[in-house]
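Here is a short briefing for a first look. Please keep the sequence and the model side by side as you read.

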Amino acid sequence: MAAPGENLRINPDRLWDSLMQMAQVGPGIAGGNNRQTLTDGDGEGRHLFKKWCDEAGLSMGVDKMGNMFARREGTDPSLPPVYVGSHLDTQPTGGKYDGVLGVLGGLEVVRTLNDLGIKTRHPIVVSNWTNEEGTRFAPAMLASGVFAGIHELDWAYDRVDAAGKRFGDELERIGWKGDEEVGNRPMKAFFELHIEQGPILEDEGIDIGVVTHGQGLWWLEVTLTGNAAHTGSTPMPKRRNAGLGLARVTELVHEVAMDYQPEAVGAIGHIEVYPNSRNVIPGEVVFTIDIRSPNADVLDEMRARIEHGIANICDALDISFDIEPVGHFEPVTFDEGCVTAIRNAADRLGYSHRNIVSGAGHDACWINRVAPTAMVMCPCVDGLSHNEAEEISKEWAAAGADVLFHAVVETAEIVE
């Protein structure tokens, strides 16, 4: 198949202007965005995206999970389309680029094709996946998960937010519940552009991350039970301190993750301490361990070592424990052909690049189950994301979108 000429580039000013306009929808309080899924802000962002798609001559399809699919026709409409996109929803204190760059970068691909009068054999579809972040309605990547057959539609509709509002009800309320069956779309391939959300590319001065794998994870919810007692009058040898158990498990998780460097990670995030009083020894602690690795065997080894270590810690402290797996997905190996298309595009355009493993979950991780998939990453300042201070440069955005353009268009096959 013919590759686009190395002189073909997207319009960086138009892409950047679109990013800044979308950032005005659902503004945060510190320069970023709070455009959580199925809020009024999400609905407004969707309308703006559809307006731009209409102006670009794309036809819009919406499925029963609210996933948006904007199609540019190919010269052979019977061929499976090449998909490109990400998500428009944000964290409560989200940045302007996480997810949004992938959607608007995909839109810029078709805008550039229109500018240049280039036709492709395969249609190209720009997608906005619903509820990637999972902050309002857990779990993350919910709609792409339904699309890929990971979750049932009715189960997804019954997810509730902190106020008890149902996903399905809120999807109808904002007017973005479509009629199309979820997952009933053939795909030749799917490409997702995203900011790295880590410091590697910026630290090494690399333009492009060629994502070869996505990390698998285990979330383990641990309950340690000791005995709540007075901090002043209980002798040290008599204490059954669940808080001390938490401290030792925290160190254990860190040590285990460090033993599997450079790609494994682990930490304890959510913590609840009972009774959480300044003069009471903690009688119970509930917390979640998050461990990740792109290697399935390593991931399972880490889990086994941590569970064994918890048992030893609790035995030494005379406290009891319970461990419940509350989240898991297997490591992802992205499609070799799609990865090669991205790598070749970076070479052709003269951008420095390196292989990279995605430390976060993305819609591409689920779509990889049903279609050849790969990801392009660009740097972000200090590796900061899920934060209103998240920042990238226009040049980084343009480089990522240029590589995306070339990989997508080559896969969609230029008509000479």
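Where is N131 found? N131 lies in the loop between β4 and α4. This is a predicted model, in which local features need pLDDT of at least 70 and side-chain atom pairs count only at pLDDT 80 or more, while totals for chains, interfaces and linings use all residues. Residues are numbered from 1 along each chain as its sequence is written, and side-chain values use heavy atoms, with hydrogens and water left out. Helices (H or I, at least four residues) and strands (E, at least two) are DSSP runs, numbered from the N terminus.

**Backbone**

- N131 is not a glycine, yet has a positive phi of about 55 degrees.
- N131 counts as buried at 1% relative accessibility; buried means under 20% relative accessible area, exposed over 50%, and partly exposed in between (1.4 Å probe, protein chains only).
- H386 is not a glycine either, and its positive phi is about 55 degrees.
- H386 sits in the loop between β15 (373–378) and α12 (394–412), and counts as partly exposed at 39% relative accessibility.
- The peptide bond from A138 to P139 is cis, with omega near 5 degrees; P139 lies in the loop between β4 and α4.
- Another cis peptide bond joins Y274 and P275, with omega about 5 degrees; P275 belongs to the loop between β9 and β10 (280–281).
- Most residues other than glycine have a negative phi, and most peptide bonds are trans.

**Aromatic rings**

- The structure holds 8 aromatic pairs. Rings of Phe, Tyr and Trp (its six-membered ring) pair if their centres lie within 6.5 Å; planes under 30 degrees apart count as stacked, over 60 as edge-to-face and the rest as tilted.
- W129 and F147 have ring centres 5.1 Å apart and planes at 80 degrees, so the pair is edge-to-face.
- This pair links distant parts of the chain, 18 residues apart: W129 is in the loop between β4 (124–128) and α4 (142–147), and F147 is in helix α4.
- Both W129 and F147 are buried.
- F137 and F167 also form an edge-to-face pair, because their ring centres are 5.4 Å apart and their planes are at 85 degrees.
- F137 is in the loop between β4 and α4 and F167 in helix α6 (residues 167–173), so the pair ties together parts 30 residues apart in sequence.
- F137 and F167 are both buried.
- Ring pairs link F69, Y83, W129, F147 and F190 into a cluster.

**Cysteines**

- There are 0 disulfides in the structure; a disulfide is a pair of cysteine sulfur atoms within 2.5 Å.
- For C378, the closest cysteine sulfur is in C380, 7.4 Å away, so the two are too far apart for a bond.
- C378 is buried, with a relative accessible area of 0%.
- C314 counts as buried too, at 1% relative accessibility.

**A loop aspartate**

- D89 lies in the loop between β3 (82–86) and α3 (100–116).
- D89 is buried, with a relative accessible area of 3%.
- D89 and A407 are 318 residues apart in sequence and 25 Å apart in space, C-alpha to C-alpha.
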